[in-house]
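Subject: Handover of a structure model

Dear colleague,

I am handing over the structure below for your attention.

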Amino acid sequence: MTVKQFFKSTAFKCVATLMGILLVCGVFLTVMYGFLQVSDEERFDRAIQKIYGKSVETTQIDISEKETSFEYSDILELYKVEDDGNYLVLASGKEGFGGVVECWVVVKMENGAVAGVNKISVNKANGESYISKVSQGALDSLAQKADPDEELMGGYKHGTKEPGGDYVQTGASYSMRAISNAVNGAMEFVKAYVAGGNNQ
Amino acid sequence: MNKYKRITLDGLIFQNPTLMLVLGTCPTLGLISSATSAAGMGLTVVVILTLSNIIISALKKLIPNEVRIPCYIVVIATLVTFARMLLEKFVPDLYDSLGGFLALIVVNCIILGRAEAFANKHTVLESAVDGLANGLGFTCALTVMGIVCEFLGSGSIFGLHIMNFTIGMFATPAGSFIIYGLSIALFTYIINLFEQRKRVNENRLARENLLDKEAA
């Protein structure tokens, strides 16, 4: 086959067309990403708005020197909420449905000790198809069950399995397990490193 | 019948992608437990389907037959990624509620099916009408089933609480499956009834014409 024949061949046309379309689409998406990307700051503001319904003053705490990795969760960011004295933790829970679930957890503080969880909000959940089935009601219910002395077990308070709970009906049991692990990790982290383990 | 009217009626009713062709089953079963999610998914598909039909129809002479499917997939994936960016930026609540199903639009059989069966054989305008009609047919079917599932499963419609009595199963994919099956049965029954009556009317008219001719 000569060079001229190659450039006239169907194979070349196919490759050229496919590459052309890929190039145009790639350039288009790159340009659009520049305009439409959601920055981390914007994500944080949205999370605050979702949790508190208003803007609140927060201070980020450096946790780079701390132990942030637990068996079933990792701690990604920590903020002190100046308005109410609670801690806002971005934690990721393992053992989801093939993915990792990132959650914002508001750890409630009373007299300098961890007293429970005020609010949970899902931040990211790549690979968790059913995460959208976990309603805010189910998350609020989980927050109420959170106890600093007992770990949550897959969405249930330890040793008190309650059939017919909110999330059971949604079919998102694995995602709920990952969220529970994130909540456990957040409470554990705040207890051990910020509140100095004083939990009485 | 005007061809655009025919294309529109086929997409909306007689070849409704969800209820007659049973396409796009994955998002249907995954999302109809909430009317808002179902309508959101439907409207996203309308936009992507219409745009993909237009682009594929416009490029049909440029794309060699041997690589048409990969080219269609690239175009559809680009549109879906663009739609995801738009939703994440401007409608984050809807983006969250659609979850992983939004990315799965890339492999939605309705979009690839219409590209392969219609857009690469028809003009840009016809393809646009087909995309719009099929997308709206999908949206209407999903929204109606979403309303039924949400009403029975959560006692609400579009998030508006209506009653306290609920049947939990209808908030799960199992309940969605039952509602989907019943909707297909009901829709097929109505279409069959309509076509049967149409045939009876046509036969009656033909018989009357024949009698008129014999009398003359």
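What percentage of the 200 residues in chain A do buried residues make up? The figure is 34%, where a residue counts as buried if 20 or more other C-beta atoms lie within 10 Å of its own, as exposed if 12 or fewer do, and as partly exposed in between, with C-beta atoms placed from the backbone.

Please note how the model is to be read. This is a predicted model, in which local features need pLDDT of at least 70 and side-chain atom pairs count only at pLDDT 80 or more, while totals for chains, interfaces and linings use all residues. Residues are numbered from 1 along each chain as its sequence is written, and chains are lettered from A and ligands numbered from 1 in the order in which they are written.

Confidence and overall make-up of chain A

The pLDDT, which is the predictor's confidence in each residue from 0 to 100, averages 80 over chain A, and 82% of the residues score at least 70. The pLDDT is below 50 over residues 163-167 of chain A, a stretch that has 13 contacts in the model beyond near neighbours in sequence; two residues are in contact if their C-beta atoms, placed from the backbone, lie within 7 Å. Chain A contains five helices and seven strands, which are DSSP runs numbered from the N terminus (helices: H or I, at least four residues; strands: E, at least two). Along the sequence, their pattern is α-α-α-β-β-β-β-β-α-β-β-α. Of the contacts in chain A between residues at least 6 apart in sequence, 57% join residues at least 24 apart.

The sheet of chain A

Five strands of chain A form an open sheet in the order β1-β2-β3-β4-β5, with antiparallel pairing; two strands pair if DSSP finds at least two bridges between them. The edges are taken by β1(A) (58-61) and β5(A), each with a single partner strand, so one side of each is left without a neighbour in the sheet. From one strand to the next, the twist averages 30°. Helix α3(A) (residues 40-52) packs on the sheet and touches β4(A) and β5(A), its direction making about 125° with that of β5(A). For such angles, axes are lines fitted to C-alpha atoms, for helices over the stretch in contact, and angles run from 0 to 180 degrees between N-to-C directions.

The strands may be taken in turn. Strand β2(A) (residues 73-81) is joined to β3(A) by seven bridges in the antiparallel sense. Ser73(A) has Gly93(A) as its bridge partner in β3(A), and Ile75(A) has Ala91(A). The hairpin of β2(A) and β3(A) has five residues between the strands, and Gly85(A) there takes a positive phi near 80°.

Seven of the seven residues of β3(A) are buried, so this strand is largely enclosed by the rest of the structure. Tyr87(A), Val89(A), Ala91(A) and Gly93(A) are buried on one side of β3(A), and Leu88(A), Leu90(A) and Ser92(A) on the other. Strand β3(A) (residues 87-93) also pairs with β4(A), antiparallel and over seven bridges. In this pairing, Leu90(A) stands opposite Trp104(A), and Ser92(A) has Glu102(A) as its bridge partner.

Strand β4(A) (residues 101-110) is mostly covered, with nine of its 10 residues buried. Nine bridges join β4(A) to the antiparallel strand β5(A) (residues 113-124), and Lys108(A) stands opposite Gly116(A). These two strands form a hairpin with two residues between them, where Asn111(A) in the turn has a positive phi of about 55°.

In chain B, the axes of helix α3(B) (residues 35-59) and helix α4(B) (residues 68-90) come within 10 Å and cross at roughly 145°. By class, their contact has 11 nonpolar, two polar and no charged residues. Here Ala, Val, Leu, Ile, Met, Phe, Trp, Tyr, Cys and Pro count as nonpolar, Asp, Glu, Lys and Arg as charged, and the others, Gly among them, as polar.

Between the chains, 29 residues of chain B are in contact with 22 residues of chain A. The largest share of the chain B side, 11 residues, comes from α4(B). That side divides into 16 nonpolar, nine polar and four charged residues.

Yours sincerely
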